Amino acid sequence: MDLQATVLRQLKNRREGFSLEQPFYIDQDYFKLDMETIWYRDWLFVGHDCEIPRAGNYFTAQIGDYPVVMVRGKDQVIRAFHNTCRHRGHRVCTQARGASAKLVCPYHQWTYDLDGSLVFARQMGETFDKSEFGLKTVHCESVAGYIFICLANEAPDFAPVRASIEPYMKPHRLWEAKVAHQNTIIEKGNWKLVWENNRECYHCAANHPELCRTYPEAPTATGVQGAGDDPFIAEHWARCEAAGLPSEFKMDPTGQFRTARMPLIQDAESYTMSGKPAVRKPLSSEVPISHIGTMLLFHYPTTWNHILGDHAISFRVLPISAEETAVTTTWLVNKDAVEGVDYDLEELTHVWNMTNDQDRSIVEENAFGIRSPAYEPGPYSVGHEGGVMQFVEWYTTFMINRLQGDKARLTAVA
């Protein structure tokens, strides 16, 4: 039986409310199928507009086997290209980020304009036509300061994503923020384990003492259906909505992306040890009230986010192998905020640096245990792990749809 048939059988026969079978978390062939079925065919968050504020600014990313470069053109349009020279395949941009009037391949100096067109190729003969050898484009969309790309030849419609998340994000003006800090950690676990750990706070009290000073352990805190039944959350939504900040839980019918503005604990305003703002300058002048909590944005498979009154934090998930995942965390602040004057970098980043390292350890220990021949799928907590159940349901349905081409429907959402 071929791999696709095996995976389809396993997913269709999956015990609802239980974790996946072992190969989904550790097997390299299953990982390759994930990449071909999801990662190479769907919209992926890669970074922020403000990371490339001027023409010629670029940053790179590695999506499985695909090196990609995102660059701002002279016309201020952000574009994405396959970071592979059309001559002999050398990477054109070899650094994580940079700035250049043109993109020059270091191997033989083939030179590309910022729109991807080839403008110089030395001694290629009189019949050589430069117009046929521009950089290959990658679908690229920017929404409210977030850059998404799609590697597929034909990309899914991005309009539903834009329509859903833009109203929630627009008041925060993240396209004109600045990066205060960014780091990447490698978690030695499958990308799905990274997401499963993220989608619940069942583990928070025992593992995240810094985060729990401001972030509620309640199951609703991760942004799930039914959160509005909590009077405290409903009151928070009403207050924020009255101030012009879309807040109520909203999820795409497929379960792939969602938004909700969730309150923090008691009087907390930010993810700091004191609960007080980490940045003196508010993130945006269009947010007229304080104590807005955190605006959660989830988009499978690449990003979850926390947008607060004083700063924003994005998390980007990129798989490396069946048992390695890169998680990049970016802290955004007001473009005019000055380090050492308006914020202390240690105070700004402490809670999530600690939390990320704790989560890394959790994911790696989880992966270690799953490798055991004694592992078998275990039950999720209905009361605390509804978000995890929803993620696994999304993954299962998404894979079934893609592998057999039908329109299987989500049977449960959280």
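1. In this predicted model, three strands make an open sheet, ordered β6-β7-β8. Their pairing is antiparallel. Strands of a sheet pair through backbone hydrogen bonds, either parallel or antiparallel.

2. Which strands stand at the edges? They are β6 (103-104) and β8 (118-120). Each has a single partner strand, so one side of each is left without a neighbour in the sheet.

3. Look next at the pairing of β6 with β7. Strand β7 covers residues 111-112. The two strands pair in the antiparallel sense, over two bridges. V104 has T111 in β7 as its bridge partner.

4. Now the helices. Helix α1 spans residues 3-12, and helix α9 spans residues 386-404. Their axes come within 10 Å and cross at roughly 140 degrees.

5. Which residues meet where α1 contacts α9? From α1 come Q4, V7, L8, L11 and K12. From α9 come Y395, T396, M399, I400, L403 and Q404. The residues of this contact divide into seven nonpolar, three polar and one charged.

6. Last, the cysteines. The count comes to one disulfide. C201 and C204 form it, with their sulfur atoms 1.9 Å apart. That distance lies within the 2.5 Å cut-off for a disulfide. The torsion about the S-S bond is about -105 degrees, so the disulfide of C201 and C204 is left-handed.

Note on methods
Residues numbered from 1 in each chain as written. Predicted model: local features only at pLDDT ≥ 70, side-chain atom pairs only at ≥ 80, totals over all residues. Heavy atoms only, no water. Axes fitted to C-alpha atoms, helices over the stretch in contact; angles between N-to-C directions. Helix = DSSP H or I, 4+ residues; strand = E, 2+ residues; numbered from the N terminus. Contact = heavy atoms within 4.5 Å. Nonpolar A, V, L, I, M, F, W, Y, C, P; charged D, E, K, R; others polar. Pairing = 2+ DSSP bridges.
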